[in-house]
2 protein chains.
Amino acid sequence: MSEQQLKQHRDAIDRIDIEILHLLNQRAQHAREIGEIKGGGIIYRPEREAQVLRRIKEQNPGPLPGESVARLFREIMSECLALEKPLSIAYLGPEGTFSQLATLKHFGHAARTVACSSIDEAFRLVEARALDYVVAPVENSTEGAVGRTLDLMVSTPLKVCGEVVLRIHHHLLRNSAGTDGIRRVYAHAQALAQCHEWLNKNLPADVERVSVASNAEAARLAAEDGSCAAIAGQAAAERFNLLKLAENIEDEPNNTTRFLVLGHQDVGQTGQDKTSLIVSAPNRPGAVHYLLAPIADNGVSMTKFESRPSRAGLWDYVFFIDVEGHHDDPNVAKALQGLMERTSFVKVLGAYPQAVL
Amino acid sequence: MSEQQLKQHRDAIDRIDIEILHLLNQRAQHAREIGEIKGGGIIYRPEREAQVLRRIKEQNPGPLPGESVARLFREIMSECLALEKPLSIAYLGPEGTFSQLATLKHFGHAARTVACSSIDEAFRLVEARALDYVVAPVENSTEGAVGRTLDLMVSTPLKVCGEVVLRIHHHLLRNSAGTDGIRRVYAHAQALAQCHEWLNKNLPADVERVSVASNAEAARLAAEDGSCAAIAGQAAAERFNLLKLAENIEDEPNNTTRFLVLGHQDVGQTGQDKTSLIVSAPNRPGAVHYLLAPIADNGVSMTKFESRPSRAGLWDYVFFIDVEGHHDDPNVAKALQGLMERTSFVKVLGAYPQAVL
């Protein structure tokens, strides 16, 4: 009886698989014809991919979760693209970091990913067109590259053409079970800060907290020394084969890291976009308020505002601003026009589809 | 005109995607019902997966290549399985080695893969049921674990339930362009041997050849020192961001590495199977010929025969034998029966589907 039921389900799966097989090939054929119409031009279209993924998630009836079907369609698009030409992507290594996860999440596994030893090198390889795109952390990263990424964006000729948002969970990792005998906890300074309350409550006060270059490095150190623990994510736990003494120990439950994708192309409108820019302002009372007025006046939402001392010496400060909408949307275009009238330096880094979570 | 053509192709892709989306969910629903019928039993069935992949490749009309559709269906099965319970897989690290590639090729990216620091540890974690399966190199590997894998198989209670075959390409890697100034080439001893002729022809005779623990280690060393090159594969080139001075430098063009998948389960017949066994034989003239007679007499093909000095001290030699067919096939069963009558030690490691290349 149950053998017969099993067989019925397996036969059904076999029929479904052949249908999927033919549809995948029809899809690839259309993708190939699109490539021919474009005649060797840019084949990766972030705006189109974002629209496809949003639609798939909206219309997903289950039982597969939205992330599963998005992941599968990412891979399907990745294979269809690779049929034309595989994309190559630079990220800040080592492997096993959130940067690698973000890269694979965005580009799928048919892309060629290259772990670089510094974020500078990752930018340089893409600027020189040795690789196609770079994935760079810009907010709340525990991999030590955020400040440097922002500095590089001031001068790079690359354009932002996408964003990736990863939900970050931190775990307490060790090479043996139990917290007895832990004398030291390693982590990136950001991660130590993000788990501050949890550490206060759950570990003795005399356990040293030591900040290191990355959480992957912390995990490596903890793997070597049983008297040490590390705070790091799933990828590092797997890579260094550590036990999770406690999961999700971050104080803030909606802890995310945001990455930008940069390349050589402009991205069209999708209806759910962001525009990133850098502006300069003199260091005097009211300067920022005056500068930002055109954004508010045109009904544009600002999703990020971050100031950073200028390295170039020409201005006192530079501001990294993200707004909702595409720079070709009329209200955003007007806001940008207003900004340009009020400061000598406005660099539009790019407009791109909002991350499909 | 071409804008309109583009739109037609994109609309067609959108329709196809929604069809695929619904079929994927129907497939997952059937997989879930199969899981319920089994009531918490073993959900990963290597024999079934091999049959699905063989069929997909046979019936693939293109333009997607067979490997692309096999890779996508591996991921689809991986996601459907993960809907029940994600599999966890141990392999010999570090990341960026062929062992990792083999693991992902076989189990897809929804599986949880764990890089272990030794092959012993990888076996131990699966034997203790901390992880579900181990992927271990057994032939022509350049990662230094083959002998140890064979030794572990003598005593492990785990059963072989699959094989993975990777075509191995070696490249000459360096951190700058051109071969000028290379004073040393690092690689695993196996890789040095496999590229011997090429090195003789293409590098000056005074370039030192230094064997190290793994090709990944060789690439790491070459990344640090511009006067050194490394022989390693694509994954290591990407991981350490090295240039390929020359591709596919292996002397033998059909260079493959074979891995076995071990777990706790017996695998059913698929019609294209292999059985792996270990037998002992005394060290006296004619002993091996006498021992193997039942295999030939029953018309069973032997695909591998490898002798190894016994570590246990009870026998002089142990032999690792692979035969075509499943131990439940009548001729294989008779051959095994014959073997058991002729020696005191026959261990059937397992029967499993032949690798889907």
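## A pair of partners

In strand 8 of chain A, Ala230(A) is the bridge partner of Tyr186(A). Strand 6 (residues 184-187) and strand 8 (residues 228-232) of chain A pair in the parallel sense, over three bridges. Here two strands pair if DSSP finds at least two bridges between them; helices (H or I, at least four residues) and strands (E, at least two) are DSSP runs, numbered from the N terminus.

This is a predicted model, in which local features need pLDDT of at least 70, side-chain atom pairs count only at pLDDT 80 or more, and totals for chains, interfaces and linings use all residues. Residues are numbered from 1 along each chain as its sequence is written, chains are lettered from A and ligands numbered from 1 in the order in which they are written, and side-chain values use heavy atoms, leaving out hydrogens and water.

## The sheet and its helix

In chain A, five strands form an open sheet with mixed pairing, in the order 7-6-8-5-9. Strand 7 (208-211) and strand 9 (243-246) of chain A are at the edges with a single partner strand each, so one side of each has no neighbour in the sheet.

Helix 9 (residues 215-224) of chain A packs on this sheet and touches strand 5 (171-174), strand 6 and strand 8 of chain A. Contact means heavy atoms within 4.5 Å.

## Two copies

Chain B is superposed on chain A by a rotation of 180 degrees with 0.0 Å of shift along its axis (RMSD 0.0 Å), using least squares on the C-alpha atoms of residues with pLDDT of at least 70 in both. The two copies are therefore related as by a two-fold rotation axis.

Terms used: Axes are lines fitted to C-alpha atoms, for helices over the stretch in contact, and angles run from 0 to 180 degrees between N-to-C directions.
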